[in-house]
Amino acid sequence: LWEAARAVSRPRLRGLAVEVAARAGWRDIVLPARETAALRAIAAQVRHRRTVYAEWGFAPVAGGLGVAALFCGPSGAGKTMAAEVLARELELDLFRIDLSRVVSKYIGETEKNLASVFDAAEDGGAILLFDEADALFGKRSEVKDARDRYANIEVAYLLQQVEAYDGVVIMATNFRQNLDDAFTRRLDFLVDFPFPEAEYRLRLWRAHFPPRTPLASDVDLETVAERYRLAGGNIRNAALAAAYLAAANGQMITSEHIRGAIRREHQKMGRLLDDRP
């Protein structure tokens with residue numbers, strides 16, 4: 001019955017947001033204990049909110065069933081993967097809000113589009129992921145003209161929608177300082193995704209090479225993790241690129257393949273790489 005209900009609600013949301021396949025599980029995400037505990041607390045609150053609100057009588061105090069969380073941290077730190085983990089754990093659909101479909105230059109259209117998103121999500125209890133949330137939840141400014149006034153109205157309206165939604169809303173941003181203070185006060189959870197230290201980079205490298213991966217004897221992942229400061233997303237890209245380089249040469253994955261893939265990631269980020277052995 002639950003799967004059928006989700007299937008009915010998906011078509012409405014697909015026209016307004018991008019469906020994200022929730023493939024990642026708890027074993028796939030590599031975070032410090034504090035951040036992992038925060039994610040598990042989010043899952044626990046969603047799973048047991050009916051008990052606390054309805055059976056234990058907390059509804060008048062809490063105000064609503066919804067859960068709002070902010071994931072902040074550098075690009076590639078695992079914010080989207082964490083949303084996938086929660087969706088898979090809670091058996092909920094995950095939809096990323098496409099700002100190009102929601103934000104409009106015409107007065108009132110953004111609010112109308114947002115109302116459509118939340119109404120469609122309410123039917124199936126989907127998790128809504130606002131990527132680059134600072135673009136929508138930016139700080140309200142001093143009103144100098146009509147444009148400022150309507151921009152502030154948009155932020156206020158969005159805050160009301162988040163509070164009224166009975167499902168899960170996750171906002172992800174690289175720039176926490178750009179968010180409106182009124183918005184952060186309404187959060188149930190705020191999870192900082194730190195740039196991974198060497199210990200966690202090693203775990204990420206190991207996680208992104210499946211057990212059947214043919215690694216050459218000269219590959220020392222501990223040295224790679226210690227030497228190259230890469231976020232989880234970059235490590236994933238580098239591991240996959242190294243695999244393709246080795247497959248194209250008909251070889252096992254060597255340290256040279258990994259260095260070449262890391263060099264490519266640094267080039268994409270506009271950084272120089274000292275890749276001497």
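Biologist: Why is His-208 called partly exposed?

Modeller: His-208 has 25% relative accessibility. Buried means under 20% relative accessible area, exposed means over 50%, and partly exposed lies in between, with a 1.4 Å probe and protein chains only. The value of 25% falls in between, so His-208 counts as partly exposed. Before we go on, please note that this is a predicted model, where local features need pLDDT of at least 70, side-chain atom pairs count only at pLDDT 80 or more, and totals for chains, interfaces and linings use all residues. Residues are numbered from 1 along each chain as its sequence is written, and side-chain values use heavy atoms, leaving out hydrogens and water.

Biologist: Where is His-208, and what is it in contact with?

Modeller: His-208 sits in the loop between H9 and H10. Helices (H or I, at least four residues) and strands (E, at least two) are DSSP runs, numbered from the N terminus. Contact means heavy atoms within 4.5 Å. Leaving aside neighbours within four places in sequence, His-208 is in contact with Gly-232, Ile-235, Arg-236 and Ala-239. His-208 and Ala-238 are 30 residues apart in sequence, and their C-alpha atoms are 9.3 Å apart in space.

Biologist: How many helices and strands does the protein chain have?

Modeller: The protein chain has 12 helices and six strands. Of its 277 residues, 46% count as buried. Among contacts between residues at least 6 apart in sequence, 75% join residues at least 24 apart.

Biologist: Which residues of helix H9 are buried, and what covers them?

Modeller: In helix H9 (residues 198–207), the buried residues are Ala-198, Tyr-200, Arg-201, Leu-202, Leu-204 and Trp-205. Their cover includes helix H2 (33–55), helix H10 (221–227), helix H11 (232–248) and helix H12 (255–268).

Biologist: What describes the way two helices pack?

Modeller: Two packed helices are described by the angle between their axes and the distance between the axes. Axes are lines fitted to C-alpha atoms, for helices over the stretch in contact, and angles run from 0 to 180 degrees between N-to-C directions. For H9 and H11, the angle is about 35 degrees and the axes are 9 Å apart. Arg-201, Leu-204 and Trp-205 in H9 meet Gly-232, Ile-235, Ala-238 and Ala-239 in H11.

Biologist: Is the crossing of H2 and H4 left-handed or right-handed?

Modeller: A crossing is left-handed if the near helix is turned anticlockwise from the far one by less than a right angle, and right-handed if clockwise. H2 and H4 make a right-handed crossing. Their packing angle is about 35 degrees, with axes 10 Å apart. In this packing, Leu-39, Ile-42, Ala-43, Val-46 and Arg-47 in H2 meet Ala-82, Leu-86, Glu-89 and Leu-90 in H4.

Biologist: How many aromatic pairs are there in the whole structure?

Modeller: A search of the whole structure finds four. In one of them, the rings of Phe-118 and Phe-130 have centres 6.2 Å apart and planes at 25 degrees, so the pair is stacked. Rings of Phe, Tyr and Trp (its six-membered ring) pair if their centres lie within 6.5 Å; planes under 30 degrees apart count as stacked, over 60 as edge-to-face and the rest as tilted.

Biologist: What parts does the pair of Phe-118 and Phe-130 tie together?

Modeller: Phe-118 lies in helix H6 (residues 109–124) and Phe-130 in strand S4 (residues 127–130), so the pair ties together parts that are 12 residues apart in sequence. Phe-118, at 3% relative accessibility, counts as buried, and so does Phe-130, with a relative accessible area of 1%.

Biologist: Why is the pair of Phe-118 and Tyr-165 called edge-to-face?

Modeller: The ring centres of Phe-118 and Tyr-165 are 5.5 Å apart and the planes are at 70 degrees, so the pair is edge-to-face. Tyr-165 is in the loop between helix H7 (146–164) and strand S5 (168–173), so this pair ties together parts that are 47 residues apart in sequence. Ring pairs link Phe-118, Phe-130 and Tyr-165 into a cluster.

Biologist: Why does Thr-254 count as buried?

Modeller: Thr-254 has a relative accessible area of 18%, so it is buried. Thr-254 is found in the loop between H11 and H12.
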